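Here are my notebook entries from a look through this structure.

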Amino acid sequence: MTAMIVSSVIFIVALTLIFTEKMNRSITGIAGAALMVGVGTAMEFYSQDEAVAAIDFNTLGLLFGMMILVALLEPTGFFQYLAVWAARLSKGQPVRLMVLLGTVTTILSMFLDNVTTVVLIAPVTVLISEILGLNPVPYLMAEALLSDTGGVATLVGDPPNVLIASAAGFSFNDFLTHSLPIVLVAWLAALFLLRFLFRKDLSEIPANKDAVLELDPDETLHDRKTIKRVLIVLGVAIVFFFIHHNLHIQPSMIALSAAAVALVWVQPDLHETLQRVEWNVLVFFGALFVMVGGLEATGVLHQLAELIGSAGNFSPIIFGVITIWVVAILSAIVDNIPITIALIPVFADLERAGINIQPLWWALAFGAGFGGNGTIIGSTANVFVASLSERTKYPITSQLWNKRGLPVMFVTCLIGSILFVLAYPYLAR
Amino acid sequence: MNVKASMKTRVITVKDTDDLGAAAKKFVKHHVGMLPVINAEGKLVGVLQLRDLLNLVLPDFTRLMEDFDFVNSFGAAGDIQPSKEEVAKKVSEVMEPPVCVEDKCGLNRAFALLHKHNLTDLPVVDAEYCLVGIASRVDVGTAMLKAWEIVSGDQA
């Protein structure tokens, strides 16, 4: 009992530090993990071996492999090329510009890390808005919100999906057949909602429409050879993702092999490439696995699962809808990664108790993904565009985010819930 | 040789309490790239660079992007006027902390500092931190070249 309390306190204090931003989330993670293992060893509820075993190397491998591919693509100007191309295609019309930039960012972030995508597209967005004479806020927010929403559609689009796929054994295609159709509807709804919420800004007439036509996408490209090579490797990797289940290989194996092939082919300055890898994300994941492993070892998560199992006889459909909303709210205010990592063992426990949790995994994915839209700190992409905007004439405040992002979270969760209920028999298979 | 011998002693300065509009007029009138900022006691408290003022009208993306060579036209961002609030700001709000040397500083050290901090002019102060002169990159650099045997030998 003492062990349960101690491990819960460590985890809750860590979550609070992350939520209140008193300390960097990765530093909090490392400290919490070290404390969990230290106290666990001293009180004999959690051993070092168990801590290592708690780390899901599938997740870390997949994230690391994809990060290397993005890191190789980052300095080539490829992302700028796509943004400039979208701007030209829009002919400087605000609504078209929002749709095109939002679509480009979403498609990229379905296959690549969405934070990197937003990090690279957002500065070009400021550029495009400025030369047109428009306020960049609607475009920046649309990019963050739409890429967060769209990322839920694929296994590699969103870190919680990677975790869920690894725990539930979902394949890349499972996401395309189960998540993609629902996310597509939610994404379109988010787009129309943004069009409505920003109707005033989007009716602005650009001061200088022709300026975007003078931009030449070709001039943004620095290294066509690398782009070609990385895109070929990425394309082959995606083909392998489609068939990984039949080949009985893990997605992490594909991502790491793709990274290896790309590195051998491109032979970059490795120091520079590794600097572009988001180590703090990987460290945060590793630390959370170790911390949550401690919670599992003391039986806290088992208790939580029993509590959920005995909390009235919810129909599984209602339970799924509740999962979407509770996870969404927690993801909006804390961070969807610790929430997902902590809930996975709980769900696994429910499965052992004989509950069909197949649909719940999807509910978890929708909640974790759509919930991040709600607040300025709900996702890393949100945090990034907001801090970028602070360096421009149009800072995005958290009040503004609540006015524009919270409705997007509400609508995407609502559509997710409705479609979850309608598609329940299908999702439950 | 020290920096005192190569510096200019007539220095155009601006007070920390002046506003940016007044500073802008001084830059234009005297055609200079940097103004040392002094307080009421004549002590050096900062420097105001041309770029500190021009940053007010440069588009935001020039600070956010590593590379914008491909932007052939700045469009609507090509002709920005600073706002009234911005030009009413005090010099002390936008000035940079001063990189300066004492008058007895050697030329080598002065040039290395100019190079390291990517400056064109170096304020020179006395032991009490009062401004006594200003030495440009060219002032310091040519004074150093003068000491080269190949240069001084030719003159002889």
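I started with the chain contact: 15 residues of chain B are in contact with 19 residues of chain A, where contact means C-beta atoms, placed from the backbone, within 7 Å. On the chain B side I found 10 nonpolar, three polar and two charged residues. Nonpolar covers Ala, Val, Leu, Ile, Met, Phe, Trp, Tyr, Cys and Pro; charged covers Asp, Glu, Lys and Arg; the others, Gly among them, are polar.

A note on the source: this is a predicted model, in which local features need pLDDT of at least 70 and side-chain atom pairs count only at pLDDT 80 or more, while totals for chains, interfaces and linings use all residues. Residues are numbered from 1 along each chain as its sequence is written, and chains are lettered from A and ligands numbered from 1 in the order in which they are written.

Four of its five residues are buried, so the strand is largely enclosed by the rest of the structure; buried means 20 or more other C-beta atoms within 10 Å of the residue's own, with C-beta atoms placed from the backbone.

Then I checked its neighbours. Strand 4 of chain B (residues 101–102) pairs with strand 5 in the parallel sense over two bridges; pairing takes at least two DSSP bridges. There, B:Val101 has B:Val124 as its bridge partner. Strand 6 of chain B (residues 131–136) pairs with strand 5 in the antiparallel sense over five bridges, and B:Leu131 stands opposite B:Val125.

Technical notes. Two residues are in contact if their C-beta atoms, placed from the backbone, lie within 7 Å. A residue is buried if 20 or more other C-beta atoms lie within 10 Å of its own, exposed if 12 or fewer, and partly exposed in between; C-beta atoms are placed from the backbone.
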